[in-house]
Amino acid sequence: MIPGINSGDTAWMLISTALVILMTIPGVALFYGGLTRRENVLNTIFLSFVSFAIVSVLWFIYGYDLAFGADVWGVMGQLANPFFGGVLEANTLSTYAPTIPTGLFAIFQMTFAAITIALISGAVVERMKFSAWLAFIPVWLTLVYLPVAHWMWGGGWLAQMGALDFAGGIVVHVNCGMAALALVLLLGARKNSRLLPHHLGYSIIGTGLLWFGWFGFNAGSALGASNLAVSAMIVTNASAAVGMLAWMLMDKVKTGKPTLLGALSGAIAGLAAITPAAGYVNFTSAMVIGFVAAVCGYYAVSYIKPRLGYDDALDVFGIHGISGIIGSIGVGIFASPLINSITTGGLLFGQVHLLGVQLLAIVSVGIYAFLMTLLIGKIIDKTIGLRVDEEHEVQGLDINLHEESGYRLS
Amino acid sequence: MKKIVTIIRPDKLEDVKQALEEIGCHGMTVKEVKGRGIQLGITESYRGRDYKVDLLPKTEIEIVAKDEDVEAITNKIVETARTGDIGDGKIFISPVDEVIRIRTGERGDKAI
């Protein structure tokens, strides 16, 4: 037993880590898999699984150090323990969470990196080369995720300015949303972007796993079995529930009938939006955040996307990007020192500074993620090629890229 | 001999099968198909956007029958598969020149 370790905190963080793993495989994988056409279901699920596998390896080779190692000029962490060498053997407690082992904090954070990349895949499904995706994962992790995670969470320049992101509204959702937007602009629209979900049942199971796993994501970000974790769990659930009901209301008002996919989308919008705020806001604020995120998400995917003409296949920007922005602004407005003493509060508590740095963080991370992803995507396009052959796209990716079929009925 | 090709709602298959059994019609081939009629499909809404789905899932039943049985079979199908709403389906009847049972080599009505 490491001196100073808290077994309750460690147990909760082990569980939280497992919960976040469940969010990517199979949560995101199934959620996305059900929304594509049947000829692409395996490829879509594969994009999530392979993202998780690659990040799982690279994170411990160099990722954790670059994100959470000793700060270098506010930009990147120091690579002190490549291949996680000596860290497990040293039996130390994490400097970021002093009651749990360093390794546990590291693998908890690894799950965030993995899901961020898996989320991006939703935008590019049904037309991106698998080889291009394999190349994209390590490059984007290294050049975009790791610096941004360091800026916000590893003591980098945004953290030094006081920007707050409890569980990844900026690092995960704004980051993946803007990256998704950049990639789809490079890829172009699918040959047939009016393809309908082939199996909403998968998406229902996937969303259930996401909602369930999100308690590890947000309440786990309290980094211990504490009152703050309880608070984060309650506001996370509240925002998801209100987001779901708000999207149903929008459906009812606009088309006359609530839809299940709409309800699921609203829940995810609420979950994504409360993520940056989960450790700083109370129940009422969470309901406002969930409501606003769902309404904005609805407009983004049903009005802005068709008007601008980009093909964000599964609405990664429209739901995750927009919700991440809403929630991160929400921190600047609703953050309460009564919930978390780390902050002196947001606008409602008479503090303007926090809202200012939140906006700075959203804009700077958004622009950085967008431009870097454009650059990475462009280079991959010029070398490997981003898009599959037209014939493969029309026939479906499962049989052409993987020589497998999701369904064999005979 | 006639071939009766029937397009019905998928959820009516069990009722039609049972009704045909009652009048002694056992042999049939069933396929899952997609199609549309005069109403040109339906509209579905996903994330606030409407999509026209103009090919709907249907079930096709293929039966080869003696000429004198055709009337009873088609009457039974119409009676069982009808809901009165648009999309109930259609029946197509065409002549069959010959039927051969592969197992025995029998031909004509005996092979049905």
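Biologist: In this predicted model, how many of the 10 residues of strand β5 (residues 56–65) of chain B are buried?
Modeller: Strand β5 of chain B is largely enclosed by the rest of the structure, because most of its length passes the burial test of under 20% relative accessible area. Of its 10 residues, the number buried is seven.

Biologist: Which residue of β5(B) is the bridge partner of B:Ile7, and which is the partner of B:Lys31?
Modeller: Strand β1 (residues 2–8) of chain B pairs with β5(B) in the antiparallel sense over seven bridges. Strand β2 (residues 29–35) of chain B also pairs with β5(B) in the antiparallel sense, over seven bridges. In β5(B), B:Ile7 is bridged to B:Glu60, and the bridge partner of B:Lys31 is B:Glu60.

Biologist: How much area do chain A and chain B bury between them?
Modeller: The size of an interface is often given as the accessible area lost when the parts come together. Here the contact takes 20 residues from chain A and 10 residues from chain B. In chain A, A:Arg194, A:Leu196 and A:Leu261 lose the most area to chain B, together 36% of what that side buries. Carbon and sulfur atoms carry 59% of the total, which is about 1200 Å².

Biologist: Which side chains meet in a salt bridge between chain A and chain B?
Modeller: Side chains of opposite charge can pair when their charged atoms come close. The count between chain A and chain B is one salt bridge. With N to O at 3.0 Å, the pair is B:Arg47 and A:Asp315.

Biologist: Which element gives the largest share of the side of chain A that touches chain B?
Modeller: Across the interface of chain A and chain B, three residue pairs are in polar contact. The elements giving two or more residues to the chain A side are α1 (7–35), α9 (227–255), α10 (260–274) and α11 (283–308) of chain A. The largest share, five residues, comes from α11(A).

Biologist: Is A:Thr275 buried or exposed?
Modeller: A:Thr275 lies in the loop between α10 and α11 of chain A. Leaving aside residues up to four places away in sequence, A:Thr275 touches several others, including A:Phe166, A:His173, A:Trp214 and A:Phe217. Its relative accessible area is 0%, so A:Thr275 is buried.

Biologist: In the salt bridge of A:Glu393 with A:Arg387, which residue is buried?
Modeller: The closest N and O atoms of A:Glu393 and A:Arg387 are 2.9 Å apart. At a relative accessible area of 21%, A:Arg387 is partly exposed. The value of 5% falls under the 20% limit, so the buried residue is A:Glu393.

Biologist: How many residues apart are B:Asp67 and B:Lys2?
Modeller: B:Asp67 forms a salt bridge with B:Lys2, the closest N and O atoms being 3.5 Å apart. This pair links distant parts of the chain, with B:Asp67 in the loop between β5 and α2 (70–81) of chain B and B:Lys2 in strand β1 of chain B, and the separation is 65 residues.

Biologist: What is the relative accessible area of B:Lys12?
Modeller: B:Lys12 forms a salt bridge with B:Asp15, the closest N and O atoms being 4.0 Å apart. B:Asp15 is partly exposed, with a relative accessible area of 37%. B:Lys12 counts as buried because its value is under 20%. That relative accessible area is 16%.

How values were computed
Residues are numbered from 1 along each chain as its sequence is written. Chains are lettered from A and ligands numbered from 1 in the order in which they are written. This is a predicted model: local features need pLDDT of at least 70, side-chain atom pairs count only at pLDDT 80 or more; totals for chains, interfaces and linings use all residues. Side-chain values use heavy atoms; hydrogens and water are left out. Buried means under 20% relative accessible area, exposed over 50%, partly exposed in between (1.4 Å probe, protein chains only). Helices (H or I, at least four residues) and strands (E, at least two) are DSSP runs, numbered from the N terminus. Two strands pair if DSSP finds at least two bridges between them. Contact means heavy atoms within 4.5 Å. Buried area is the accessible area (1.4 Å probe) that two parts lose on being put together, summed over both. A polar contact is a pair of N or O atoms within 3.5 Å; within protein, one must be able to donate a hydrogen and the other to accept it, and residues adjacent in sequence count only if both atoms are side-chain atoms.
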